[in-house]
Each structure stands twice: as structure tokens, then as C-alpha cells.
Amino acid sequence: MNNSTLALVDRDLCRRFDISGPRYTSYPTADRFAANPGAQLLVDALQDRPASDQPLSLYVHLPFCSTVCYYCGCNKVITKDHQKSSRYLDYLEREIDMQLQSLSGSRSVAQLHWGGGTPTFLSDDEMRRLMQILRSRFDFLPEGEYSIEIDPRSVDPQRAHLLADMGFNRMSLGIQDFDPLVQKAVNRIQTFEQTRDVLLAARDAGFKSISVDLIYGLPKQTLEGFRTTLEKTLSLSPDRIALYSYAHLPQIFMPQRRINDDELPKAEDKLSLMAMAIETLVEAGYVFIGMDHFARPDDELSLAQQAGKLHRNFQGYSTHAELDLLAFGVSAIAKVGPVYAQNAKTLDEYYGDLDAGHLPVRRGYQMNDDDALRRAVIQELMCHFELDFAPVNQEWSIDFEDYFKSALEELQLLVAAGLLTIDGQGIRVQPKGRLLVRIIAMAFDHYLQRDRQNVSGGRSRYSRVI
Ligand code: SF4
């Protein structure tokens, strides 16, 4: 589908349906996981892996940052002290070995992601050490996707080459906004030249897909200033662009209290920023993948979407079919078979659990058949914007229209608004519904429906669409 001709942004619909909702990087969403499920939940899941040659996906959370960006909602530790990161690597190694004691099945790896925090807070030696810890325990496949989130303020061209030598072949770079006034207001000073130099070096070093992050809705942002940011970004031709909406939740995220509310764009201005940004990216030839992601037509995400082979996981969209995900470090979430397991969120808890000789699992969930079915339905809608009933009926032995009768009834309001169509064959999200696809997915979320019946609401915990 060529979305250059499609009207993705219907301002009236965006205003009308700008409600808060999950981003569905997992289903059930992480806030539904039970507290203190016990480390045995993950141990059993690791032991139950079938003896197939299905490779693994690995996630490592590296929480350290040397300065704080005021918009930040991540789990991070602000420090300049490398003794802390060195100690953290000791514990990561222990955690990895503890998980390996229980792991059945293949140890080959097709995907690796270092997220944070700022993974490139680590020194060169620390990064080499961590990669060595992983490579000595797992078998990295030659064609795998090995990605790292980098902060261009802590990576020069030489380091970009080092990352490539270490085996990374995908990179995502934080930009947010190049406007100096916005950068000052959010305490993230990063020049265009810094960003350009590292991106060009990464390309030169052979990185296959380079993604950049932008945020609209930041303090002091103007249409003119953000247009310049977009033009500068497009001059670098990144393979992917993530365009996030800033969610101002100072009651939840402490650093956001340092943002002056009066400097934030008003709701209507934020909508204009979003509309302008989407129009600019689509006119430049980028394909709207879904949620907040855009990709060049020749990028593997665009190709996977066209082929009906896109997936969604904790890192967003992915070309890989679902692999068991092992996760290491504070707050990291694993998914092994039907089990989700999230680690302790603070360093003290994380270290304490490992010192006590058990995995630092603090939240978890074991999916049932209904969860797995709903997860598949939500994933299909979020990735491909359409869903045929027949294959779902066949795979899950259900009658879709009967099983999801109340969801389909609830969606009639969105059908009437033109966001989607439903007929006897299936569901098709219309172009102007694509931006709001999570609202459509919410109809299939059992836990949200249950909240509504309990009158307790429960939605305010999620970010809004715009
Ligand atoms: S936005 Fe990224 S670099 Fe900035 S404080 Fe948060 S995790 Fe650290």
C-alpha cells in the first residue's frame, strides 16, 4: 500500500479519539503482570523450552546516563561513575549464568538488543567485556540482527566503527529535536554535526539499518523549528524514523517536573506539529509502518509489512517471527514460551536478589489460551492493519464473529467514524484509522474491558495517542 496518497491524519478524528491507551508492545500489557510471582516462574519457562533449533532473542538493559533529559520516562540511573557500571557488569554476568543453568533448547541467537538508559555510557573496554560475556555463552548467528541504542553525545565516528567490529549491525540514535531552544528546555544539548558524523560513520562501518528518534510536543517547540529538525534529519536519510509524542506525566516521571508547563505546546499546536511531521515524512517517501514508526520503502520493515510478515515486540516493530526473549538487567522483560517475567527495577533490589542466589524476577505473567489468541489478533491489526477471520478461525478453532461479538459491537462506533470496516470476511483499518490503530486494538483487550466493567477506569496509566 502506497501511503503517500493516503490521508493519514484526520484532525477531527484525532481530536475525537485522542484517548489514552496501551502501545501493545506486549499483550497482556506489562502493567497486568502480577507482583512477586517468584523466580521459579522464569526458571520453569527456561527449562520447558522445547529441544528445537529455534534461536533466541536477547535483551540487555544498561541503565546508566551521564546527564538527565527532562522529558525522560525510562528506567535509568544518572551518574558519571564507571565503578557503578563495572559492578553492574559483574552482576549481569551472574544473572546470565544463572539463567543458563536452567535454559533448555538452542543457545543460538538471531537477535540482540542493548537498550537503556544509555548503552554507550559504557567505556570501550566495558562494551567489549559485555559482548565477550555474551559471545562466550551464546552462539551468534551470522545473519542476526544485533542492535544498540546510542547517544550521539557519547559516540564519535571511531566508536561507531568499534561497535561494528563488535558485531552490531543495527543502530538507533536519539535526536528528539535539533532546535537549540528546545534542547536547552529539555537539557539535552546535541549538535546536528555530532549526530551527522556518527550516523555517516555507522553507515560507512556497514550498519544495515539506522533508525533515529524524534519527539513532538516538547517545550518551546514550534512548527518552524520542528520543520527544520525534520529537514536536517531527512538530509541524513535514516532507514527508519520513530516519531514519538511527548507524554507529560510529571506525577509519574520525576525529571519531567523540571519542564515548565507553560512552555509546552497547547493541544491544538501539538496536533499541528504531528500533522506537519507526518506529512513531511510521507512526502519524503517514508512509509508509515504503524504507531510512531516510519521506514524507507526499501527498509526491511517496509518489505516485511508488505509481505505480511511484520511482528511487534518490546522494541516495537520487528521482522523476526516470535523468538523466545531472554532479558538481562534491571527492569528487563523476558518472554519465554507463554511466560513474561520482569526484573527488579532498582539496582539495590536487582543486586540483592542475585546476592540471595535467585533470579531477580519481580513481576510476571503466564498467558492462557485466550491471552494468546487476543495477542495474535492485536498483533495482526497493529502490524498489518487488517485481519481475515478465516485463518484465525482455523488456527484457533473459534468462530471469530461469535467469540469476539462484544468487541465487534464496540467497534461499530469507530466503523461509523470511518476508522475501519468490518464485513463477513474480516476487519480492514482504513487509512485515517491507521494512526489510531491502538484504539481499535483496545476493543480486543480483555483486561481493559474488565476495568471498564468495574467502573474503576484504569486507563489514565497509559499515554495518549497524540
Ligand atoms: S532520554 Fe535516554 S539519555 Fe536521556 S536520561 Fe533518558 S535514558 Fe538517559
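This is a predicted model: local features need pLDDT of at least 70, side-chain atom pairs count only at pLDDT 80 or more; totals for chains, interfaces and linings use all residues.
For domain 1, select residues 1-28 together with 368-466; for domain 2, select 32-325.

Now bring up the contact between the domains. Domain 1 contributes 22 residues to the contact, and domain 2 contributes 22 residues. Stay on the domain 1 side and select helix 1 (11-16), helix 12 (369-384) and helix 18 (437-442), the elements that each give two or more residues to the side touching domain 2. Which of these elements gives the most? Helix 12 does, with four residues.

Next, move to a helix pair: select helix 8 (residues 223-235) and helix 9 (residues 267-283). Their axes lie 10 Å apart, and the helices pack at an angle of about 25°. Are helix 8 and helix 9 roughly parallel or roughly antiparallel? With an angle under 35 degrees, they count as roughly parallel to each other. As for handedness, the crossing of helix 8 and helix 9 is right-handed.

Finally, show side chains where the two helices meet. From helix 8, pick L223, F226, R227 and L230; from helix 9, pick S272, L273, M276, A277 and T280, which they meet. Colour this contact by class as well: the residues divide into six nonpolar, two polar and one charged.

Conventions: Residues are numbered from 1 along each chain as its sequence is written. Axes are lines fitted to C-alpha atoms, for helices over the stretch in contact, and angles run from 0 to 180 degrees between N-to-C directions. Angles under 35 degrees count as roughly parallel, over 145 as roughly antiparallel, 65 to 115 as roughly perpendicular and the rest as oblique. A crossing is left-handed if the near helix is turned anticlockwise from the far one by less than a right angle, and right-handed if clockwise. Two residues are in contact if their C-beta atoms, placed from the backbone, lie within 7 Å. Ala, Val, Leu, Ile, Met, Phe, Trp, Tyr, Cys and Pro count as nonpolar, Asp, Glu, Lys and Arg as charged, and the others, Gly among them, as polar. Domain bounds come from an automatic or database domain assignment.
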